[in-house]
Amino acid sequence: RRAAGLGLALSALVVLQLEAFVPAAGPAGRASTARAKLAAQKQAFYDYLANDWAISTGEMPWASSGFAFADFLPASALEVEAIQVLEEKVPDWRKGFLTPNDEVGLRRRFRALAEAAGGEEAGLAALRRNVGIVCVRERVMQAASQALKRGLGVEMAQEVVRKNPGVLAIRASSLQGFGLQRTVVAANIIDFFCGPGAFILELLKLLAVASVFKIVFDVLFLPNGLIRAVPN
């Protein structure tokens, strides 16, 4: 009996010692767990403005401002060419309401376009096809690109962007299900009229102009037209 009692006492002592290392289930325990999670989320970074190390929780301070280390690198040859394309097609782009107001902002948007299209060369071709894509913010383009890749795969998503760069202006939530299917069909149609079917589009333009002239002629010069109907 004494041996059994001694064994139970030792077991109880071991349990008490272990419980000292287990966080309490009450409010104090939950608070300590929350503090531990918060500490795990903290990130150290070097603040160049204060010239000292600092601690940030969650996103880095520059994450919401569009900061990228690539901004400090010299512009690549294709980035320079992208700036020249915009200078030719939209000379006053720096004063636009939706366009970036400097070359750094333009390079950021071009990088987002290039990433979505599959490289800088593809991005430059997409910019030439639809220069208005520079009016779309980087985060919108990136979200749309990620939605396309989730639904179509990387290669097909990049192909859709190359065919119709304007797809990057669509909300990511709309690029799924039937909406995604319509986007692919529209991209194929646009690519056809910008490529092999370009002559059809030009023909339709000529027909539209000819129709306008025909209507004007009928109204003004036919016997029952406007001029002939007015008494002398």
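Leu152 sits in helix α6 (residues 138-152), where helices (H or I, at least four residues) and strands (E, at least two) are DSSP runs numbered from the N terminus. The structure is a predicted model, in which local features need pLDDT of at least 70 and side-chain atom pairs count only at pLDDT 80 or more, while totals for chains, interfaces and linings use all residues. Residues are numbered from 1 along each chain as its sequence is written, and side-chain values use heavy atoms, with hydrogens and water left out.

With a relative accessible area of 23%, Leu152 is partly exposed, a class that lies between buried (under 20% relative accessible area) and exposed (over 50%), with a 1.4 Å probe and protein chains only. Setting aside neighbours within four places in sequence, Leu152 is in contact with Ala157, Val160, Leu180 and Val184; contact here means heavy atoms within 4.5 Å. Leu152 and Gln176 are 24 residues apart along the chain, and their C-alpha atoms are separated by 9.5 Å.

Leu180 counts as buried, because its relative accessibility is 8%. Apart from neighbours within four places in sequence, Leu180 is in contact with Leu148, Gly151, Leu152, Ser174 and Leu175. Between Leu180 and Ala147 there are 9.2 Å from C-alpha to C-alpha, and the two are 33 residues apart in sequence.

The wider chain can now be described. It holds 10 helices and two strands, and from the N terminus on these elements run α-α-β-β-α-α-α-α-α-α-α-α. Of the 232 residues in the chain, 24% are buried. Among contacts between residues at least 6 apart in sequence, 53% join residues at least 24 apart. The accessible surface of the chain comes to about 16,100 Å², and carbon and sulfur atoms account for 64% of that area; such areas come from the Shrake-Rupley method with a 1.4 Å probe, and for residues only the protein chains shown count as cover.

Helix α7 (residues 154-163) has Ala157, Gln158, Val160, Val161 and Lys163 as its buried residues. These buried residues pack against α4, α5 (120-129), α6 and α8 (178-194). In the loop between α7 and α8 lies Val167, which counts as buried because its relative accessibility is 1%. Val167 is in contact with Ala144, Leu148, Val160, Val161, Leu175 and Thr183, leaving aside neighbours within four places in sequence. Beyond residues up to four places away in sequence, Asn164 touches Ala187 and Ile190.

A contrasting case is Phe72, in the loop between β2 (52-57) and α3. Phe72 is classed as exposed because its relative accessible area is 63%. The C-alpha atoms of Phe72 and Val104, 32 residues apart along the chain, are separated by 9.2 Å.

The largest nonpolar core contains 32 residues, and Leu113, Leu127, Ile133, Val161 and Leu168 touch the most other members. Two or more residues of this core come from each of α3 (77-89), α4, α5, α6, α7 and α8, and α4 gives the largest share, six residues. A nonpolar core is a set of buried Ala, Val, Leu, Ile, Met, Phe, Trp, Tyr and Cys residues joined through side-chain atoms within 4.5 Å. Leu127 touches Ala82, Val85, Phe110, Leu113, Ile133 and Val134, not counting residues up to four places away in sequence.

Rolling a probe the size of a water molecule over the atoms shows where empty space is left. The search of the whole structure finds one cavity of 30 Å³ or more, and the largest cavity has a volume of about 40 Å³. On a 1 Å grid over the protein atoms alone, a cavity is a set of points where a 1.4 Å probe fits but cannot get out, and lining residues have an atom within 4 Å of a point. Grid points are joined across faces, edges and corners, and a volume is the space filled by probe spheres set on the points. The lining of the largest cavity consists of Leu106, Arg109, Phe110, Leu113, Leu127, Ile133, Val134 and Met141. Helix α4 (residues 103-117) supplies the largest share of this lining, four residues. Seven of the lining residues are nonpolar, none polar and one charged, where Ala, Val, Leu, Ile, Met, Phe, Trp, Tyr, Cys and Pro count as nonpolar, Asp, Glu, Lys and Arg as charged, and the others, Gly among them, as polar.

Terms used. On a 1 Å grid over the protein atoms alone, a cavity is a set of points where a 1.4 Å probe fits but cannot get out, and a pocket is an open set with protein on both sides within 12 Å along at least five of seven lines; lining residues have an atom within 4 Å of a point.
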